[in-house]
Amino acid sequence: TLFRSRQFMSLRVWLAETIGAIVSLLLVVVLVNMSIDIYGIFRSAKGRRLVVYGDERIAKYLLSEKYVPENFDSLLIGSSVSANWNPQGIDGFRVYNESIEGGNILEEKVIADQALTSSHIRLAILIVHPYLTYSHEFGTVHLTPRENLAALGSESLLDAYKSAARVKLHLEKQQFDQFGTDDFGEIPQKMNPHMQKLMAPGTEFSIDETAMKSYSDLVNELHALNIRIVYVIPPLSQSVFSLKPNAFANYTRAALANKLEHDQVIDFTSDEFVDFRRNAGNFKDGVHLTNEAAQQVVAVIDTRVNTAFQTGCLSR
């Protein structure tokens with residue numbers, strides 16, 4: 001009986017020591033991750049230059065909690081068609097590019113809402129493109145506040161660290177900059193299957209009702225917060241656009257249904273930009289721009305936005 005009692009006590013001590021060691025290790029991991037603060041959520045992010053590592057949806061969701069509102073006053077909200085638009089070229093505004101590859105408006109709204117809880121955002125550049133309302137499914141993860149816990153220690157955080165390490169070791173290129181801009185490069189690519197289906201000739205664009213409602217809700221939210229909206233209808237190659245010009249016009253009317261008079265629209269599908277669209281070299285796949293062409297588009301946005309503010313069409 002005494003032997004069994006000692007065995008039991010030894011087991012209890014071993015179990016307590018093991019649990020204590022595990023808890024201590026977890027505490028160290030949490031404290032280290034809080035110290036590194038790769039997403040800028042555990043301390044002030046003002047003045048930091050944080051970039052996306054790992055899953056871009058998770059990264060931009062968490063970066064938009066503090067890093068974006070503490071360092072930027074404007075948002076570029078779109079899908080992959082605007083992901084490589086570097087908004088640093090828009091003078092007078094500090095714009096962060098919230099666009100994500102393959103993103104739809106539900107994902108974009110969840111990400112943007114993180115930044116909109118702050119009163120610092122004063123301008124939203126909102127992309128008008130049928131891909132945004134093609135689906136309401138989340139691409140990789142369903143973005144919720146639980147991602148804050150994942151930032152203390154998770155597989156996604158480990159993936160972000162691995163990506164950061166590979167960049168530091170020059171084993172992979174830096175994909176994003178501190179403005180949220182993706183680097184597509186200049187090499188032409190084949191249009192992905194989802195975009196091919198969307199751009200199929202002879203049909204209207206398929207619109208997901210849930211997604212379109214989310215688009216409308218975002219516009220109403222921006223209006224309610226007195227945030228100025230500049231709608232941008234992005235360019236696409238003339239060969240793709242000519243397959244269904246009426247469908248583009250009909251979609252644009254639907255997307256701009258609750259546009260207010262003081263909102264601005266920059267339409268790159270208009271006749272004004274036909275020469276740009278006819279230059280196939282501006283596009284990687286007929287829809288996504290090369291980095292160089294994206295700079296040209298941003299330059300136009302810069303001119304139009306600042307002219308609108310100078311003439312009083314937009315108020316600061």
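Which residue lies over the face of Phe241? Arg277 does, at 5.1 Å from the ring centre. A charge sits over a ring if NZ of Lys or CZ of Arg is within 6 Å of the ring centre and within 35 degrees of the ring normal. Lys244 takes up such a place over Phe205, at 4.3 Å from the ring centre.

This is a predicted model, in which local features need pLDDT of at least 70, side-chain atom pairs count only at pLDDT 80 or more, and totals for chains, interfaces and linings use all residues. Residues are numbered from 1 along each chain as its sequence is written, and side-chain values use heavy atoms, with hydrogens and water left out.

Start with the whole chain. It holds 12 helices and 5 strands. Helices (H or I, at least four residues) and strands (E, at least two) are DSSP runs, numbered from the N terminus. Of the 316 residues, 50% count as buried. Buried means under 20% relative accessible area, exposed over 50%, and partly exposed in between (1.4 Å probe, protein chains only). Among contacts with a separation of 6 or more, 76% come from residues 24 or more positions apart. Contact means heavy atoms within 4.5 Å.

Now the sheet. It is open, has 5 strands in the order E2-E1-E3-E4-E5, and its pairing is parallel. Two strands pair if DSSP finds at least two bridges between them. E2 and strand E5 (264-267) are the edge strands, and each pairs on one side only. From one strand to the next, the twist averages 20°.

Follow the pairings. E1 (residues 74-77) runs parallel to E2 (residues 95-97), joined by 3 bridges. There, Ser74 has Val95 as its bridge partner. E1 also pairs with E3 (residues 123-127), in the parallel sense, over 4 bridges. Here Leu75 stands opposite Ala124. E3 in turn is joined to E4 (residues 228-233) by 5 bridges, again parallel. Ile125 stands opposite Val230 in that strand.

In a regular strand the side chains alternate between the two faces of the sheet. Look at E1 with that in mind. Ser74 and Leu76 point one way, Leu75 and Ile77 the other, and all are buried.

Next, pick out Ile127 in strand E3. Ile127 counts as buried, at 0% relative accessibility. Leaving aside neighbours within four places in sequence, its contacts include Leu76 and Ile77, Trp85, Tyr215 and Val232. Ser82 is also in contact with Ile127. These two are 45 residues apart along the chain, yet their C-alpha atoms are separated by 7.6 Å.

What covers helix H4? Its residues 105-116 are mostly covered, with 10 of 12 buried. Among the buried ones are Ile105, Leu106, Ile111, Ala112 and Leu116. Glu107, Glu108 and Lys109 are also on that list. The buried residues pack against H2, helix H3 (67-71), E1 and H8.

Take the H2 side first. The axes of H2 (residues 56-63) and H4 come within 7 Å and cross at roughly 30°. Axes are lines fitted to C-alpha atoms, for helices over the stretch in contact, and angles run from 0 to 180 degrees between N-to-C directions. H2 and H4 are therefore roughly parallel to each other. The cut-offs are under 35 degrees for roughly parallel, over 145 for roughly antiparallel, 65 to 115 for roughly perpendicular, and oblique for the rest. Arg57, Lys60 and Tyr61 in H2 meet Glu107, Val110, Ile111 and Gln114 in H4.

Finish with the rings. The whole structure has 11 aromatic pairs. Rings of Phe, Tyr and Trp (its six-membered ring) pair if their centres lie within 6.5 Å; planes under 30 degrees apart count as stacked, over 60 as edge-to-face and the rest as tilted. Phe93 and Phe309 form a tilted pair, 5.1 Å centre to centre with 45° between the planes. Phe93 sits in the loop between E1 and E2 and Phe309 in helix H12 (residues 291-310), so this pair links parts of the chain 216 residues apart. Phe93 is buried, at 7% relative accessible area. Phe309 is buried too, at 10%.

Phe205 and Phe248 pair edge-to-face, at 4.8 Å centre to centre and 70° between the planes. Phe205 lies in the loop between H7 (193-198) and H8 (209-224), and Phe248 in H10 (residues 245-255), so the pair ties together parts that are 43 residues apart in sequence. Elsewhere, ring pairs link Tyr67, Phe72, Tyr96 and Phe179 into a cluster.
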